[in-house]
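Subject: Structure handover

Hello,

Please find the structure below, followed by notes on what was found in it. Keep it open while you read.

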Amino acid sequence: MLLRRLTLCSGIQLEHQRHARLARALAQAPQRAHGSSFAHRSELRQAKRIVVKLGSAVVTRGDECGLALGRLASIVEQVAMLQSQGREMLIVTSGAVAFGKQRLRHEILLSQSVRQALNSGHNQLKDMALPVLEARACAAAGQSGLMALYEAMFTQYSTCTAQVLVTNLDFHDDQKRQNLNSTLQELLRMNIVPIINTNDAVVPPPEPNSDLQGVISIKDNDSLAARLAVEMKADLLIALSDVEGLYNSPPGRDDAKLIDIFYPGDQQSIIYGTKSRVGIGCMEAKVKAAMWALQGGTSVVIANGTHPKVTGHVITDIVEGKKVGTFFSEIKPAGPTVEHQTEMARASGRTLASLHPDQRSEIICHLAELLTDKKEEILTANKMDMDLAVNAGHLPAAMLKRLSLSPAKLCSLAIGLRQIAVAAQDSVGRVLRRTRVAHNLELEQITVPIGVLLVIFEARPDCLPQVSALAIASGNALLLKGGKEAANTNRVLHQLTQEALSLHGVKEAVQLVSTREEVEDLCRLDKMIDLIIPRGSSQLVRNIQRAAKGIPVLGHSEGICHVYVDAEASADKVIKIVRDSKCDDPAACNAMESLLIHRDVLRMPLFDQIIDMLRAEGVKIHAGPRFASYLTFSPSEAKSLRTEYGDLECCIEVVDSMQEAVDHIHKYGSSHTDVIITENEDTAEQFLQLLDSACVFWNASSRFADGYRFGLGAEVGISTGRIHARGPVGLEGLLTTKWVLRGDGHTAADFSERGTMKYLHENLPVVQPLAEQRGSN
């Protein structure tokens, strides 16, 4: 119990320290001159003064009588957390009318005479008609209860609140407006959260077109929040409603699309629907209020505050710059949005898939030629990236090596692309199976592209032409997100890729995302992207696997590769294979991380030769627990037997047998690549059969786990998954299948008990279609 308390206290202390650091960062950040809103979502992290507007649909229950307490509690928690980070939070809330309606209905029922209640019976009482309740009376009855609820909820987080009721006149009268401003400023200075609402008990009905010149009239809480945000010079206004954000047409329509970023010039292209289920505002009113606030220098996000899966973090997600709802911005980027890029890629990708195989091969061969013909342009851009990376000094040597391109590397890339071009001749539209289901009814299974691929890679520009060629060969559309360290090189290589694609009018099939899209936001495009392929560190892969929402991820999170040295191993082979597996490229995912040694080898000269070689290569050795027990003065003991060092380091452990080695790998490995070195064929074959890894080698370096070395031309990555492709994934791994049935007026009824036809299910010879007939969907 004491340990649990200490752990809990430690966790709370760390959280407080994190909030304190953020608060200091916000305090030390240069003050943004009000009058200019944030240009990008990522800048919202800098927002210090935030207005949160809670619409009626957010605060009230579905029956419009009473408050949604769970939803409100999660919103209060987020506001309190942001307040504890040093931000100034204001809430503009609805809900008084709904809360008052609940109270008044309850009072009316209780006020019925006891005799009437007893005589009428339960069912008649339930059906008793209630009078229509006037909204102002409901507001008057609900204001105090609503505020008491907010106060009770915020008290749980040691946060003080204050109620402020306003009307339109409070903004039109200069003295009242100054008093309101002064009051709110003082409350914020004392770290109090103001809870603001229109005084619906006395407010007159809104008058149409009553806005003054350049000033928005307070007709609802949308206009109140906008007016208040500008008046208080807030950095951000978050307007929560019951819709995901702003759509280009009413959300109920099939063609309605959520607008990620809305610009003032796009207002004419929007078709507005009806207002929400409760409240007096509508989306048109929200947009008008948001535009007014934006012109006043306050950034605005309209988002859904009612969805049960996002309500608990919608406000904090917005402040962290995540792609939630619709962000209003005055600055429109020059390029298309990532959603538009994905749509263009899919449309062009379908054309690419329908091309003749020779045409796809021609595109790839032309790209290979461009890599050599334009090498000076590529290397110049790469030098710019290298200089920036070296001057910044934050990239380790291994990543700098990957970032660097050379004439030899470009030549090797071109060779690999030409191999892919040959394979492209027999990829899309290949018949895998033919079955005669019945007379004149034949079924075929053929290969087709997966669809739209998203490949995310770090500082490795050579990945771009490789993956592009594989996508072209397989007829897939491609979305590329490269590391900023290789921005200049990636830009040039993408231009060359699109130049090659232009040969046959499919330039847009490969898109490079160059906007400020966060990887997590890209992983949410589950309706637009069919497969995500991460190329980079294990941390990158894990982050993407966590962030992907409904999109399959092809890859491996770790490359913990083992080499097992058997008692019957050749000394020469051991030295060569272990050196190459560990030292050729220590940061590669197929590099050896753990060396397993049969205990009999410890008494052989081979053991000393292995240690001497590793020391000569500068490899730091970590001893496994059993290996350490054999030594008087052992190296540093491994903190974990499941470690991917990614450097000139490795773990050495001792095992008693091949079976123990297999058990060890199954327990601590990552199912990537594992090796046995032995001259005993029976032992080797058992190892190859028993071990459940994507790649299992006998007397060969783990570095052979590579698409180019496998003869695949290139690879999009190495998969350790159990479904779909496994191991180095080349062209075949980017294809799926579809079934094609050719009949002659057949129906399922023909094969029923009363039908006249019988199933044959005869397997037919697989005959590939003529080349000019090949293609895809």
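Start with the second largest cavity, which is lined by Thr93, Gln143, Leu146, Met147, Tyr150, Gln163, Ile195 and Asn197. A cavity here is a set of points, on a 1 Å grid over the protein atoms alone, where a 1.4 Å probe fits but cannot get out, and its lining residues have an atom within 4 Å of a point. The elements giving two or more residues to this lining are α6 (135-155) and β4 (193-198). The most comes from α6, with four residues. Helices (H or I, at least four residues) and strands (E, at least two) are DSSP runs, numbered from the N terminus. By type, the lining of the second largest cavity has four nonpolar residues, four polar and no charged. Ala, Val, Leu, Ile, Met, Phe, Trp, Tyr, Cys and Pro count as nonpolar, Asp, Glu, Lys and Arg as charged, and the others, Gly among them, as polar. The space in the second largest cavity is about 40 Å³; a volume is the space filled by probe spheres set on the grid points, which are joined across faces, edges and corners.

Two notes on the source. This is a predicted model, in which local features need pLDDT of at least 70 and side-chain atom pairs count only at pLDDT 80 or more, while totals for chains, interfaces and linings use all residues. Residues are numbered from 1 along each chain as its sequence is written, and side-chain values use heavy atoms, with hydrogens and water left out.

How many cavities of 30 Å³ or more does the structure hold? It holds two. The largest cavity has about 50 Å³ of space. Its lining consists of Asp222, Ala225, Leu237, Ala239, Lys286, Ala289, Ala290, Val300 and Ile302. At least two residues of that lining come from each of α9 (221-231), β5 (236-241), α10 (283-295) and β7 (299-304), and α10 gives the most, with three. Seven of the lining residues of the largest cavity are nonpolar, none is polar and two are charged.

Next, the core. The largest nonpolar core has 50 residues, of which Ile363, Ile364, Ile378, Leu478 and Leu480 touch the most other members. Helix α17 (residues 463-474) supplies the largest share of this core, eight residues. Such a core is a set of buried Ala, Val, Leu, Ile, Met, Phe, Trp, Tyr and Cys residues joined through side-chain atoms within 4.5 Å. Buried means under 20% relative accessible area, with a 1.4 Å probe and protein chains only.

In helix α20 (residues 538-547), the residues Leu540, Val541, Ile544 and Ala547 are buried. Seen down the axis of α20, these buried residues fall within an arc of 135°, so they line one face of the helix. The arc is that of the directions from the helix axis to the C-beta atoms. Their cover includes β11 (452-457), α19 (519-522) and β14 (531-535).

Phe687 sits in helix α25 (residues 681-690). Is Phe687 buried or exposed? Phe687 is buried, because its relative accessible area is 0%. Contact means heavy atoms within 4.5 Å.

Finally, the chain as a whole has 25 helices and 24 strands, and buried residues make up 49% of its 777 residues.

Regards

Terms used. On a 1 Å grid over the protein atoms alone, a cavity is a set of points where a 1.4 Å probe fits but cannot get out, and a pocket is an open set with protein on both sides within 12 Å along at least five of seven lines; lining residues have an atom within 4 Å of a point.
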